[in-house]
Amino acid sequence: MTPPARTTNPRQDTSHDAPTDLLAAEGQLAHVDLGRFRTEAGAFIPGAQLAYQRWGKFRGDPAGKNNVLLVEHALTGDSNAADWWGGLVGPGKALDTNEWCVICFNALGGCSGSTGPSSPHPDDGRAWGSRFPAVNIRDHAAAERSALEELGIHHVHAVIGGSMGGARALEWTLLYPDFVTAACVIAVSARASGWQIGIQSAQISSVTNDPAWHDGDYYASGDVPLAGLAAARRLAHLTYRGELEIDERFGARAQQGENPLGPHRDPQQRFAVNSYLEHQGAKLAQRFDAGSYVTLTEALNRHDIGRGRGGLNKALAASRVPTMVVGVDTDILYPYHQQEHLSRNVGELLAMAKVVSPVGHDAFLTEDRQMDRILRNFLSLSEQTPSATERAVTGGIYAI
């Protein structure tokens with residue numbers, strides 16, 4: 001008797017669930033060993049690890065159609081996507097963990113479980129500090145691919161990310177087009193602009209000019225460059241939020257009980273916006289490592305998908321992965337015209353979407369209702385669109 005045909009719906013197919021045995025329990029922080037990792041620039045990170053979390057059960061073929069969604073975090077995010085994207089990741093939400101297996105890694109160089117400057121060096125157990133090499137966005141994607149393969153996963157349905165996560169998603173489509181069925185690239189550009197490099201380098205300088213930085217080796221000194229990190233965050237936060245939102249919330253009002261209009265300048269007498277920014281800076285300084293902030297910001301400075309690929313437009317045109325591009329109309333950090341450039345030039349444009357919000361860059365994290373609609377549409381389109389591998393096989397480009 002001929003056996004019944006297997007369903008081709010990866011969210012129902014449970015015949016290939018080998019990675020289920022390798023994946024950590026749902027929501028649990030776990031680590032994947034990468035061994036001696038080589039960066040694109042030629043440096044080595046022995047004993048490299050990536051931290052990750054996952055939600056939802058793996059279903060499908062580990063090397064083909066499956067239900068894996070790789071979610072990429074922004075600069076100071078981490079692997080806990082169910083927290084920082086809590087309105088969008090979970091049962092019944094846009095990234096429905098009843099249907100999809102959502103995986104999120106902490107970026108290489110980070111400070112939430114992955115190997116970074118604050119991690120112990122395998123040679124002596126002291127923090128890597130200044131010995132930690134520069135990494136770039138391509139290194140992030142390469143490390144994640146290695147980690148997925150260690151987990152028994154050799155294909156994902158989609159990679160989704162915003163800001164630095166969007167840069168990682170974009171690099172995934174160019175480095176490993178046969179590994180990804182579709183991509184959603186949010187609030188990012190094809191390369192770092194001169195303005196972005198300038199504002200990000202100013203943030204790096206804020207940290208490295210703090211006397212407590214100690215050339216990156218402050219971990220054993222008893223000092224922590226909290227003031228420098230807080231100053232960097234204040235600069236950054238102004239680019240994350242929209243000018244309209246900041247002015248509407250604070251305008252030129254004084255902080256309650258303070259008078260910034262006295263006869264002499266007094267840092268204790270503040271405008272309301274200064275108090276807000278100081279709060280944001282102090283909050284980040286308490287939860288994030290300064291070494292990782294410098295490392296990951298430098299990775300953003302090095303973001304350039306055209307490098308070694310004949311330039312931006314040639315690189316984008318060569319992309320074979322169906323890609324949705326999403327931008328925010330009031331984004332100061334990655335202005336909407338940069339996403340328009342992506343959409344005009346990417347080889348396989350799946351769709352273009354705009355988030356309309358006074359919030360600015362961070363709108364992809366705060367506008368849950370709009371992002372819910374966008375991500376649901378992305379997943380629907382991605383299930384209807386053949387992957388790069390499927391189109392290649394159908395067109396006779398190669399057989400597998």
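This is a predicted model: local features need pLDDT of at least 70, side-chain atom pairs count only at pLDDT 80 or more; totals for chains, interfaces and linings use all residues.
## Basis of the model

Local features need pLDDT of at least 70 and side-chain atom pairs count only at pLDDT 80 or more, while totals for chains, interfaces and linings use all residues. Residues are numbered from 1 along each chain as its sequence is written, and side-chain values use heavy atoms, with hydrogens and water left out.

## Annotated active site

An unreviewed UniProt entry annotates S163, D331 and H361 as "active site"; such annotations may be inferred rather than shown by experiment. These residues span 199 residues in sequence, yet no two of their C-alpha atoms are more than 10.7 Å apart, so they gather at one spot.

S163 lies in the loop between β5 (156-162) and α3 (164-175). With a relative accessible area of 6%, S163 is buried (under 20%; exposed is over 50% and partly exposed in between, with a 1.4 Å probe and protein chains only). Residues up to four places away in sequence aside, S163 touches A74, I186, A187, V188, Y334, H361 and F364, where contact means heavy atoms within 4.5 Å.

D331, in the loop between β7 (323-328) and α10 (336-345), is buried at 5% relative accessible area. Beyond neighbours within four places in sequence, D331 contacts A187, T239, G360 and H361.

## Surroundings of N259

N259 is placed in the loop between α6 (243-250) and α7 (272-287). At 43% relative accessibility, N259 counts as partly exposed. The C-alpha atoms of N259 and Q269 are 5.1 Å apart, although the two residues are separated by 10 residues along the chain.

Definitions and conventions. Helices (H or I, at least four residues) and strands (E, at least two) are DSSP runs, numbered from the N terminus.
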